[in-house]
Amino acid sequence: QGGNNAGHTVVVDGKEYDFHLFPSGIINPKAISFIAQLKSYFSLYFLTGLKDWEKRLIISDRAHIVFDFHQAVDGLQEVQRQAQEGKNIGTTKKGIGPTYSSKAARTGLRICDLLSDFDEFSSRFKNLAQQYKSMFPTLEIDIEGQLKKLKGYAEKIRPMVRDGVYFMYEALHGSPKKILVEGANAALLDIDFGTYPFVTSSNCTVGGVCTGLGVPPQHVGDVYGVVKAYTTRVGIGAFPTEQINEIGELLQSRGHEWGVTTGRKRRCGWLDLVILKYAHMINGFTALALTKLDILDVLDEIKIGVAYKLGGKRIPYFP
């Protein structure tokens, strides 16, 4: 879920890969990688150092397309928020929010639109571009240049595109397979259950498996919650256990805590068990994968947030 706003650094056999769009399974030559939801496919042609990845990547025909003007609008909206409210959301400026807005307004364009009637696609693309130009008068869009580029991309990705729902149905009901669904963003960045409005625009909880892939709930098996041994956050928003001191700096430097996509430093603090329990309430983890425990090795003592107080009383939930 989420598109190319969340960066993953993956290290395999000493080689480092920075992924923004690809499932990290693309490194495995025996795995098929499937992109099901909202994605920008512009990034697809900058993958180096991997052989034959095109043969093991499948893109759903229902995936929404993130256009260049979505990215430009993302930046303009952040500037507007800063000017009007004195603070922004801290988006990655990758066009994710505006693309979800187009999707919800039913004016978005999908991979299936791009690959069918290109004249019809061009007409709808021009309408969408015009809508954004009327909202943001300073926005410049090279419509013809963009369409030419898109036509070229269409032919390159055509062999990779499949009916996503049927693909998943076959995967679930055909010969037995191990299916791993990778979520890119944290549960606390979920549009519905996160620290709104400082969230992303997609469903980052386990529910995203059903809405994003079209997988029926009874097929969801084990749910692994991935959590660091300390808490981090990119951008602004609530962070009760944050350490704005030498502890925070130590976690930041030892843990290499900066975003792959933006290069921004992550805010760091002690592990917050209240938000971890909250994430478990929503996702029902069958196991936790605790990472980066070694970053705490140099500390004589570590602290953990165990409860929140509201009006002087301990509360058993995330307010």
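## The annotated residue Lys103

An unreviewed UniProt entry annotates Lys103 as "active site"; UniProt positions follow the numbering used here, feature names are shortened, and annotations may be inferred rather than shown by experiment. The structure is a predicted model, in which local features need pLDDT of at least 70 and side-chain atom pairs count only at pLDDT 80 or more, while totals for chains, interfaces and linings use all residues. Residues are numbered from 1 along each chain as its sequence is written, and side-chain values use heavy atoms, with hydrogens and water left out.

Lys103 belongs to helix α2, which covers residues 96-104; helices (H or I, at least four residues) and strands (E, at least two) are DSSP runs numbered from the N terminus. With a relative accessible area of 28%, Lys103 is partly exposed. The classes are buried for under 20% relative accessible area, exposed for over 50%, and partly exposed in between (1.4 Å probe, protein chains only). Leaving out residues up to four places away in sequence, Lys103 touches Gln37, His64 and Gly108, where contact means heavy atoms within 4.5 Å.

Several residues of α2 are buried, namely Ile96, Pro98, Thr99, Tyr100 and Ser102. The cover over these buried residues includes α1 (68-85) and α4 (118-135).

Arg106 follows α2 and is placed in the loop between α2 and α3 (111-115). Although Arg106 is not a glycine, it has a positive phi of about 65 degrees. Arg106 counts as exposed, at 74% relative accessibility.

## Domains 1 and 2

The domain assignment gives domain 1 (8-63 + 160-177), domain 2 (68-155) and domain 3 (222-315); such bounds come from an automatic or database domain assignment.

## Salt bridges

Side chains of opposite charge can pair when their charged atoms come close. A salt bridge is a side-chain nitrogen of Lys or Arg within 4 Å of a carboxyl oxygen of Asp or Glu, and by this rule the count comes to 10 salt bridges. One of them joins Asp163 and Arg62, with 3.4 Å from N to O. Asp163 lies in the loop between β5 (161-162) and α6, and Arg62 in the loop between β4 (57-60) and α1, so this pair ties together parts that are 101 residues apart in sequence. Asp163 is partly exposed at 36% relative accessibility, and Arg62 is partly exposed at 34%.

Another salt bridge pairs Arg124 with Asp113, their closest N and O atoms being 3.3 Å apart. This pair links helix α4, which holds Arg124, to helix α3, which holds Asp113, and the two residues are 11 residues apart. Arg124 is partly exposed at 29% relative accessibility, whereas Asp113 is buried at 16%.

Lys292 and Glu257 also meet through their side chains in a salt bridge (2.8 Å, N to O). Lys292 is in the loop between β9 (287-291) and β10 (304-305), and Glu257 is in the loop between α8 and β8, 35 residues apart. Lys292 is partly exposed at 27% relative accessibility, whereas Glu257 is buried at 0%. Salt bridges that share partners join Lys228, Glu257, Arg266 and Lys292 into one network.

Phe239 lies in the loop between β7 (230-233) and α8 (246-254) and is buried, with a relative accessible area of 11%. Apart from neighbours within four places in sequence, Phe239 is in contact with Thr231, Thr232, Arg233, Arg267, Cys268 and Gly269. The C-alpha atoms of Phe239 and Cys268 are separated by 9.0 Å, the two residues being 29 residues apart along the chain.

His256 is found in the loop between α8 and β8 (267-272). His256 is not a glycine, yet has a positive phi of about 50 degrees, and is exposed, with a relative accessible area of 53%. Elsewhere, a cis peptide bond with omega of about 5 degrees joins Tyr196 and Pro197; Pro197 lies in the loop between α6 (164-173) and α7 (207-213).
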